[in-house]
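Please read them with the coordinates open.

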Amino acid sequence: LKIPAAALQVPIGSEDAFEGVVDVLANRAVYNRGTRGEDIVYGEVPAHMVETVNAAREELIATLAEVDDEIGELFIEEKVPTEQQIRAAVRRATIARKFTPVLMGSAIKDKGVQQLLDAVISYLPNPTEITNTMLDIDNDEKVLEVIPHSNQPFVGLAFKLEEGKYGQLTYIRVYQGRLEKGQFAYHVKTGKKIKIARLVRMHSNSMEDVDSVGAGEICALFGIDCASGDTFTDGTINCSMSTMFVPDSVISLSLTPKDKNAPNFSKALNRFQREDPTFRVHVDTESKQTIISGMGELHLDIYVERMRREYNVDCITGKPQVAFRETATSKSKFAYTHKKQTGGSGQYGRVVGYIEPIDSAQHAELPHEFVNNVVGGNIPTQFLPACEKGYMDGLKEGFMVGHPVVGVRMVLEDGQAHMVDSSELAFRLATFNAFREAFKASGPRILEPVMLVEVSAPVEFQGNVLGSLNKRKGMIVDTETQEDYCVVTSEVPLNNMFGYSTELRSATQGKGEFSMEYKRHSPVLHSVQEELIKEHQAKLAEKK
């Protein structure tokens, strides 16, 4: 990890002769007595260890002097810091992630456990030092500060779901107030009132029934119908914890169970969606296949493996599909008339206007816009929502590779209606076709997801790593070398990243690893765009 570390304790003996530890800061021996080490006995430092303990203390001070200014100044002035000064420096440096304190102990012999827990409290951040916020739903989502005290109204967040032998187990972190057995809690999202029949505190895989939990504690509840990230309150306030950012999925797979009648297939998918907001499932309207979407190849592979292991459902996966997008690059005008005459009243609608590109990065929450500039009632107001629906229909599936359209604004300027033949359907179809024609004339481009890829590997393989990224059309952003390891940061199209983990392992003798996260959508090369359009047209021809 390349973070300086030093021991805060020295062991007394080792292996079978391990008796306890010496606290280097307090300069005393600590022994664990009793059947489970619950009795702590303090004593003098053994005579044969005095030199070792002094050397460990000097090493600790020297290491802290490199990462903490206060200890550094004392070290330069050759002054000896006090125990309180050293403890404060260890805490500051640990929280700043500049230093790692090392403690000794044996879990199997129950020695050093209490000292480790004391160090967690002394040196790691405590929950009251961070400001958590919630949104007041009744007051236009005004941001309120969460007060981590048990005498406040209860606010808790469901952060993890688990399928156990008693049904769904919901882990809740109490951010404010107190949750008691027998009280009622309100599910903010649905407004449902839930009685807390049983409240447990989890210890690994065992449960401890408790009567109440206070602010800052984690508990688990049974039989609650909710999803990961839902907020619960006691009903006196209508607030929601600020939800975590959930990025759009970047990769999709078609998923088919080997046994068509597998009852657990849909049950598993529903559970995984509730557990993980970045895992999404939908059924393709044309192929009728189940499509799962997520944040990467490994992400989806894990869920396919979990279905096999936990639900005994073997699945066949299709070729990964990248979440392409389509966009316009120039302004394009339209004037389209939809006219269809059958027996009785026909269909008539005329729309006039233009489409233009917008920067989807600046309009990330809504990467498209419909503007109505029609004056004089040329299009009756009751048909305007139908025009917007037609525009939305056009965005759902692009006309080059069948992926959604983003970054386009449609401005409706004029139109014409018929007294008898005009209807909502006529204007919806007129707008859909007008958008389609205008989009084709707007210099359309295909956008592909670009990932920020960070590869770490030993320095001797740096050339191999750079070569493998360049081969995949990656753009190197940064290269950092730390002693014997290098970290290469680059931006690579997701479509070129399939199978990279295998290539990286073989190029670095298994010592390299990488992580990637979604960065943005960028236009593909013209040659790639032509290939993608040909592939899409071939697929459509096969279906026909």
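At what angle do helix α9 and helix α10 pack, and how far apart are their axes? The first point answers this, after a remark on the source.

The model is predicted, so to speak of a local feature requires pLDDT of at least 70, and side-chain atom pairs count only at pLDDT 80 or more, while totals for chains, interfaces and linings use all residues. Residues are numbered from 1 along each chain as its sequence is written, and side-chain values use heavy atoms, with hydrogens and water left out.

1. Helix α9 (residues 462-471) packs against helix α10 (residues 500-507) at about 155°, with the axes 10 Å apart. Axes are lines fitted to C-alpha atoms, for helices over the stretch in contact, and angles run from 0 to 180 degrees between N-to-C directions. Helices (H or I, at least four residues) and strands (E, at least two) are DSSP runs, numbered from the N terminus. The two helices are therefore roughly antiparallel; angles over 145 degrees count as such, those under 35 as roughly parallel, 65 to 115 as roughly perpendicular and the rest as oblique.

2. The crossing of α9 over α10 is right-handed. A crossing is left-handed if the near helix is turned anticlockwise from the far one by less than a right angle, and right-handed if clockwise. On the α9 side the contact consists of N464, V465, S468, L469 and K471, and on the α10 side of Y500, E503, L504 and A507; contact means heavy atoms within 4.5 Å. These residues divide into five nonpolar, two polar and two charged. Ala, Val, Leu, Ile, Met, Phe, Trp, Tyr, Cys and Pro count as nonpolar, Asp, Glu, Lys and Arg as charged, and the others, Gly among them, as polar.

3. Strands β31 (residues 475-482) and β32 (residues 485-493) are paired antiparallel over seven bridges; two strands pair if DSSP finds at least two bridges between them. T481 has C486 of β32 as its bridge partner. Two residues lie between the strands of this hairpin, and E483 takes a positive phi near 50°.

4. An open sheet of four strands runs in the order β26-β27-β29-β28, with mixed pairing. The edges are β26 (332-340) and β28 (368-372); each has a single partner strand, so one side of each is left without a neighbour in the sheet. From one strand to the next the twist averages 25°.

5. Within that sheet, strand β27 (residues 347-357) and strand β29 (residues 408-416) run antiparallel and are joined by eight bridges. Opposite P357 stands V408 in β29. Helix α7 (residues 384-396) lies across β27, β28 and β29 and runs at about 155° to β28. Helix α8 (residues 424-440) also packs on the sheet, where it touches β26, β27 and β29, and its direction makes about 35° with that of β27.

6. Helix α1 (residues 50-67) and helix α2 (residues 69-76) have axes that come within 6 Å and cross at roughly 120°. That makes α1 oblique to α2. The crossing is left-handed. I61, A62, L64, A65 and V67 of α1 meet D69, I71, G72 and F75 of α2; by class the contact has seven nonpolar, one polar and one charged.

7. Helix α1 also packs with helix α3 (residues 83-95), their axes coming within 10 Å and crossing at roughly 50°. Here too α1 is oblique to its partner, α3, and it passes α3 in a left-handed crossing. R57, L60, I61, L64 and V67 of α1 make the contact with I86, A89, V90 and A93 of α3. The classes are eight nonpolar, no polar and one charged.

8. A three-stranded open sheet has the order β8-β7-β19 and antiparallel pairing. β8 (142-145) and β19 (239-241) are its edges, each with a single partner strand, so one side of each is left without a neighbour in the sheet. The twist averages 40° from one strand to the next. Strand β7 (residues 133-136) pairs with β8 over four bridges in the antiparallel sense, and T133 stands opposite E145 in β8.

9. On confidence, the chain has a mean pLDDT of 86, and 97% of its residues reach 70 or more; pLDDT is the predictor's confidence in each residue, from 0 to 100. Among the elements, strand β24 (residues 321-322) has the lowest mean pLDDT (78), and strand β6 (residues 100-102) has the highest (93).
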